[in-house]
Amino acid sequence: MAKEICVKAAVGAPDVLGDCPFSQRALLTLEEKKISYKMHLVNISDKPQWFLEINPEGKVPVLKVDEKWVADSDVIVEILEEKYPEPPLKTPPEFASVGSKIFGAFVKFLKSKDPSDGSEQALVDELKALDEHLKAHGPFIAGEKISAADLSLGPKLYHLEIALGHFKKWSVPESLTHVNNYMELIFSRESFVKTKATKEHVIAGWAPKVNA
């Protein structure tokens, strides 16, 4: 039986998959594990009543497991790993936090109005640390095989590339060859192509935060 999952609909396009990296992470996990699923697109700015009834907090993604709706991409990924151990996607504990500070650093730099506040350098430092890690352990975070850490980081790097390219005319330094190769590797995966939001919708999703 297909799993049911609620994910973000695109801004201004309720029938199109939206730009939530956490929703994409859950979808990537389903795709990589070859679990069939039915997707419900939720308009986050005008949440339908049925959605608030199953999930009063109103956050996406939400997955239906054994007749219960479960929120939070961390929890969803853990449950799927437990129930569907093949192929294994668990990241070895020593690598689980690799790249985990990149998203926060990206958002800070994206929203920054002050070029001298150090937010750009802070992001570059995080990306350099990832580059060093991939150089030693790559091509994926845990080596030869894709794992949960990649499915979490990939969507965030996708947002980083599009949003910073659009709003700041900024891109990942070419000198970070391992990071650039890693992004190409993840973004071209069949599961990623199938579950990503379009560039326009990623930009539309970030615009209010940038202009705030």
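**View 1. The two domains of the predicted model.** In this predicted model, the domain assignment of the protein gives domain 1, covering residues 3–83, and domain 2, covering residues 93–211. When the centres of domain 1 and domain 2 are taken over C-alpha atoms, they are separated by 22 Å. Where the domains meet, 19 residues from domain 1 and 19 residues from domain 2 take part in the contact.

**View 2. The area buried between domain 1 and domain 2.** The size of an interface is often given as the accessible area that is lost when the parts come together. Between domain 1 and domain 2 the buried area is about 1700 Å², and carbon and sulfur atoms give 66% of this area. Which residues of domain 1 lose the most area to domain 2? They are Asp19, Gln24 and Glu32, which together make up 33% of what the domain 1 side buries.

View 3. Two salt bridges are found across the interface of domain 1 and domain 2. Glu32 forms a salt bridge with Arg189, and the closest N and O atoms of this pair are 2.8 Å apart. On the side of domain 1 that touches domain 2, strand β2 (13–17) and helix α1 (21–32) each supply at least two residues. The largest share of this side, nine residues, comes from α1. Sorted by residue class, the side of domain 1 that touches domain 2 has 12 nonpolar, three polar and four charged residues.

View 4. The structure as a whole holds eight salt bridges. One of the salt bridges joins Arg25 to Asp74, with the closest N and O atoms 2.7 Å apart. This pair links distant parts of the chain, since Arg25 lies in helix α1 and Asp74 in helix α3 (residues 73–83), and the two residues are 49 residues apart.

View 5. The peptide bond from Val60 to Pro61 is cis, with an omega angle near 0°, and Pro61 is placed in the loop between α2 (49–54) and β4 (62–65). Another cis peptide bond joins Glu86 and Pro87, where omega is about -15°. Pro87 lies in the loop between α3 and α4 (102–111).

**View 6. The backbone at Lys34.** Is the phi angle of Lys34 positive or negative? The phi of Lys34 is near 55°, which is a positive value in a residue other than glycine. Lys34 is found in the loop between α1 and β3 (37–42).

**View 7. The two spans named in the UniProt record.** An unreviewed UniProt entry lists residues 10–88 under "domain: GST N-terminal". In the model, the end C-alpha atoms of residues 10–88 lie 31 Å apart, and this span is 37% helix and 25% strand. The feature "domain: GST C-terminal", also from an unreviewed UniProt entry, is placed at residues 66–212. The end C-alpha atoms of residues 66–212 lie 41 Å apart, and here the span is 61% helix and 3% strand.

Methods
Residues are numbered from 1 along each chain as its sequence is written. This is a predicted model: local features need pLDDT of at least 70, side-chain atom pairs count only at pLDDT 80 or more; totals for chains, interfaces and linings use all residues. Side-chain values use heavy atoms; hydrogens and water are left out. Domain bounds come from an automatic or database domain assignment. Contact means heavy atoms within 4.5 Å. Buried area is the accessible area (1.4 Å probe) that two parts lose on being put together, summed over both. A salt bridge is a side-chain nitrogen of Lys or Arg within 4 Å of a carboxyl oxygen of Asp or Glu. Helices (H or I, at least four residues) and strands (E, at least two) are DSSP runs, numbered from the N terminus. Ala, Val, Leu, Ile, Met, Phe, Trp, Tyr, Cys and Pro count as nonpolar, Asp, Glu, Lys and Arg as charged, and the others, Gly among them, as polar. UniProt positions are given in the numbering used here, feature names are shortened, and annotations may be inferred rather than shown by experiment.
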